[in-house]
Amino acid sequence: MNRLLLVFVLLPLFSIATYAQGGVDTIHYRKVYYWGTTGMGFPIGKTKDILSPKFSGSIGLDISLKNSMFFISPTLYTLSFKYKQRLPDPNFAYRIEDANTNFYTFAFSGGVRKQMRRLNVYGFLGPGIGLTSEPRANVMADQKLVKMENINRFNLSSKLGAGADYKFNGFFLGLELGYLHNFRKIQDTPVNIFTVMIGLKSDITQIGDRVIDVIGIDGSISGKKEKK
C-alpha cells in the first residue's frame, strides 16, 4: 500500500519535470501566493489502529524562484484525529478509548510545476518538524474527577505530494494530495498519513514588497523596484 501511494504521489512530479520545458510560466513569475486549505488526513496501515480522520487544514506560502518553474513552500499543517490508546502509560492508571489528538507539522518543501494556461500541476517534497499532542486521563477518585492532560512531543517528518490549481479572476482554487511520515512513533506504531486538502490561493506579492520596503532592503519581489 505504501509503495503504491509513493508511486501515485511521485508520478506527477516526474511528469512535470519531463514536460516543463515546453512553455513559459507567466502566472508565477516573481510571485508570492498565500495558500490556505481544509481537508482530512487519512491514517495508513497500522496507524489506523490508533488514529481516525477528522477535519484538518493548512496555511502556507507558494514562493516562486528565479526560474518560476521551481518554487519553495513553507507550510504549517494542523492535522486532527480521533485517538485510541492501546498501550498503558506507566504514569497514568487508565487508558483512553475515545479522545482527540493533533499533529502540528511545519514542512519546508521544494517543488516543480507546469503551467497550462490557467491550469497548473505541481509536485513537491521536503523535511518537516512538528509537535504531537497526545491525550492522557488522570483519574482523581477521591474528587470523582477525570482530568485530561496532553503529552507534547517534538518529531521530525517528511512530506511529499502533488496537486493542481486553476486560476480564476483574483484567486486560485486547488486540490492537493500528500503523504506525511513522522519519524517518531505513536503508541509504538509508525505514523503514515495520506492528506487530501482543498483550498484557495491568493496573490500577496504586493504585501511582500511592502515588507521589504519597510525593513529597508533594496529591490522587490515583483521586480517593480530594482536594487540600487
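One term before we start: a cavity is a set of grid points where a 1.4 Å probe fits but cannot get out, and its lining residues have an atom within 4 Å of a point. Please keep in mind that what you see is a predicted model.

How many cavities of 30 Å³ or more does a search of the whole structure find? The search finds two.

I'll take the second largest cavity to begin with. It holds about 60 Å³ of space. Its lining consists of Phe103, Thr132, Glu134, Arg153, Asn155, Asn182, Arg184, Lys185, Ile186 and Val191. By class, that is three nonpolar, three polar and four charged residues. Strand E8 (172–186) gives the largest share, four residues. E6 and strand E7 (145–167) each supply at least two.

Is Thr132 buried or exposed? Its relative accessible area is 8%, and buried means under 20%, so Thr132 counts as buried. Its side chain makes a polar contact with the side chain of Asn155, at 2.8 Å, and Asn155 is itself part of the lining of this cavity. Beyond its neighbours within four places in sequence, Thr132 is in contact with several residues, among them Phe103, Arg153 and Asn182.

Now the largest cavity. About 110 Å³ of space lies in it. Thirteen residues line it, and Trp35, Phe71, Ser73, Tyr122 and Glu176 lie nearest its centre. Two or more lining residues come from each of strand E3 (55–64), strand E4 (70–83), strand E5 (99–116) and strand E6 (119–140). E4 gives the largest share, four residues. The classes here are six nonpolar, three polar and four charged.

That leaves the packing. In soluble globular proteins, nonpolar side chains tend to be buried together. In this model the largest nonpolar core has 20 residues, and those touching the most other members are Leu51, Leu79, Phe81, Tyr83, Phe103, Ile186 and Ile193. E4, E5, E6, E8 and strand E9 (189–203) each supply at least two residues of this core, with the largest share, five residues, coming from E4.

Phe81 is one example: not counting residues up to four places away in sequence, it touches residues including Leu51, Phe103 and Ile193. There is also a second, separate core of five residues, which includes Ile44, Leu160, Leu177 and Phe194.

Conventions. Residues are numbered from 1 along each chain as its sequence is written. This is a predicted model: local features need pLDDT of at least 70, side-chain atom pairs count only at pLDDT 80 or more; totals for chains, interfaces and linings use all residues. Side-chain values use heavy atoms; hydrogens and water are left out. On a 1 Å grid over the protein atoms alone, a cavity is a set of points where a 1.4 Å probe fits but cannot get out, and a pocket is an open set with protein on both sides within 12 Å along at least five of seven lines; lining residues have an atom within 4 Å of a point. Grid points are joined across faces, edges and corners, and a volume is the space filled by probe spheres set on the points. Ala, Val, Leu, Ile, Met, Phe, Trp, Tyr, Cys and Pro count as nonpolar, Asp, Glu, Lys and Arg as charged, and the others, Gly among them, as polar. Buried means under 20% relative accessible area, exposed over 50%, partly exposed in between (1.4 Å probe, protein chains only). A polar contact is a pair of N or O atoms within 3.5 Å; within protein, one must be able to donate a hydrogen and the other to accept it, and residues adjacent in sequence count only if both atoms are side-chain atoms. Contact means heavy atoms within 4.5 Å. A nonpolar core is a set of buried Ala, Val, Leu, Ile, Met, Phe, Trp, Tyr and Cys residues joined through side-chain atoms within 4.5 Å.
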